[in-house]
Amino acid sequence: DEFARLAATNLTWMGYQISDVGMADRQDYTESQVIVLNAGEDVAEIAAQTLDLLPSSLHYQPDPSSPVDIRVILGMDYDPCADR
């Protein structure tokens, strides 16, 4: 998906390491989400800002066993050209 690759590129430019880009577990997410697993609040907020997502996109689900710090799910609301 072009939007997913663009989002990954934008995050990479901000210094994030991307472990995988792929399809979400389902395709009916209406709102994008930044799921915070092992990251600090500031790391998650910057990721959301980088993708022009609203603060309401942040969801905290601490999981110390997760191999990733955050997971980004792009929903139908994602617009890579948005300027909020």
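Rings of Phe, Tyr and Trp (its six-membered ring) pair if their centres lie within 6.5 Å, and planes under 30 degrees apart count as stacked, over 60 as edge-to-face and the rest as tilted. With that in mind, a search of the whole structure turns up one aromatic pair.

Before you click, note that this is a predicted model, where local features need pLDDT of at least 70, side-chain atom pairs count only at pLDDT 80 or more, and totals for chains, interfaces and linings use all residues. Residues are numbered from 1 along each chain as its sequence is written, and side-chain values use heavy atoms, with hydrogens and water left out.

**First stop.** F3 lies in helix α1 (residues 2-13) and Y78 in the segment after β3 (70-73), so the pair links parts of the chain 75 residues apart. Helices (H or I, at least four residues) and strands (E, at least two) are DSSP runs, numbered from the N terminus. Now colour by accessibility: buried means under 20% relative accessible area, exposed over 50%, partly exposed in between (1.4 Å probe, protein chains only). F3 counts as partly exposed because its relative accessibility is 42%, while Y78, at 6%, counts as buried.

**Second stop.** Show R26 and Y29. The charged end of R26 sits over the ring of Y29, 3.9 Å from its centre; this requires NZ of Lys or CZ of Arg within 6 Å of the ring centre and within 35 degrees of the ring normal.

**Third stop.** Next come the nonpolar cores, sets of buried Ala, Val, Leu, Ile, Met, Phe, Trp, Tyr and Cys residues joined through side-chain atoms within 4.5 Å. Select V34, L51, L53 and I70, which touch the most other members of the largest core, a set of 13 residues. Elements giving two or more residues to this core are α1, β1 (33-36) and α2 (41-50), and α2 provides the largest share, three residues. Finally, pick Y29, I35, L37 and I73, which are among the five residues of a second, separate core.
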